[in-house]
Structure formats: structure tokens, C-alpha cells
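Have a look at the picture before reading on.

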Amino acid sequence: MGEYLKSMKIFENKPSKMARFRKHNMPKARKYGLGKSICRNCGKKGMGMITKYGLYYCRHCFREVARTVGFKKYS
Ligand SMILES: [Zn+2]
């Protein structure tokens with residue numbers, strides 16, 4: 001869930017203002033770069049993403065999920 005969605009409650013009864021707000025504040029659909037990879041568990045995007053082996057988890061969620069996915073922790 002994006003940060004910009006949190007401020008949408010103000011526009012509940014104002015659809016035209018909502019449309020204008022979305023037009024100027026919605027994040028772009030990225031083709032490449034940091035903003036493209038989204039964590040499949042929590043939906044975060046940006047820094048700390050693990051995309052190796054097609055995991056697509058952020059580092060926080062990877063710590064929780066790693067055992068169930070099949071990673072082993074040595075020592
Ligand atoms: Zn995550």
C-alpha cells in the first residue's frame with residue numbers, strides 16, 4: 001500500500017478533488033529501477049529487496065520466511 005493512499009480519507013465526499021489529487025500524486029508505473037520490485041509479503045518497495053533466485057521479498061520479510069522457503073542457517 002502506497003503512502004499517498006493514507007491521505008485519501010479527506011476526499012471521501014469530493015470525487016472531483018480526489019481525481020485531481022490522484023492525477024498529480026499517484027506514483028508512476030516503473031519499468032526498471034528500485035521502485036519496480038515490490039515485496040510479495042508486505043508490499044514495500046525500494047531499498048533492501050532480495051530479488052535473487054526470484055524471491056522478491058524485502059529483507060525484513062525474508063528473515064521471517066526464509067526457513068519455510070527452504071533456506072538453512074548455518075552456525
Ligand atoms: Zn516485506
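## Overall shape

The chain has a radius of gyration of 17 Å, whereas a compact globule of 75 residues would come out near 11 Å. That radius is taken over C-alpha atoms, and the globule rule is 2.2 Å times the number of residues to the power 0.38. Along the principal axes, the C-alpha atoms fill a box of roughly 55 × 25 × 15 Å.

Keep in mind that this is a predicted model: local features need pLDDT of at least 70, side-chain atom pairs count only at pLDDT 80 or more, and totals for chains, interfaces and linings use all residues. Residues are numbered from 1 along each chain as its sequence is written.

How many helices and strands does the chain have? There are two helices and two strands, and from the N terminus they run α-β-β-α. Both kinds are DSSP runs numbered from the N terminus: helices are H or I with at least four residues, strands are E with at least two.

Buried means 20 or more other C-beta atoms within 10 Å of a residue's own; exposed means 12 or fewer, partly exposed is in between, and C-beta atoms are placed from the backbone. Helix 2 (residues 59-69) is hardly covered, with one buried residue among its 11. Just after helix 2, G70 takes a positive phi of about 125°.

The largest nonpolar core has five residues: C39, M49, Y57, C58 and C61. Such a core is a set of buried Ala, Val, Leu, Ile, Met, Phe, Trp, Tyr and Cys residues joined through C-beta atoms within 7 Å. Ignoring neighbours within four places in sequence, C39 has contacts that include M49, Y57, C58 and C61. A contact means that two C-beta atoms, placed from the backbone, lie within 7 Å.

## A closer look at C42

C42 lies in the loop between helix 1 (15-25) and strand 1 (49-50). Why is C42 partly exposed? Because it has 13 other C-beta atoms within 10 Å. Not counting residues up to four places away in sequence, C42 touches C58 and C61. C42 and N13 are 29 residues apart in sequence and 29 Å apart in space, C-alpha to C-alpha.
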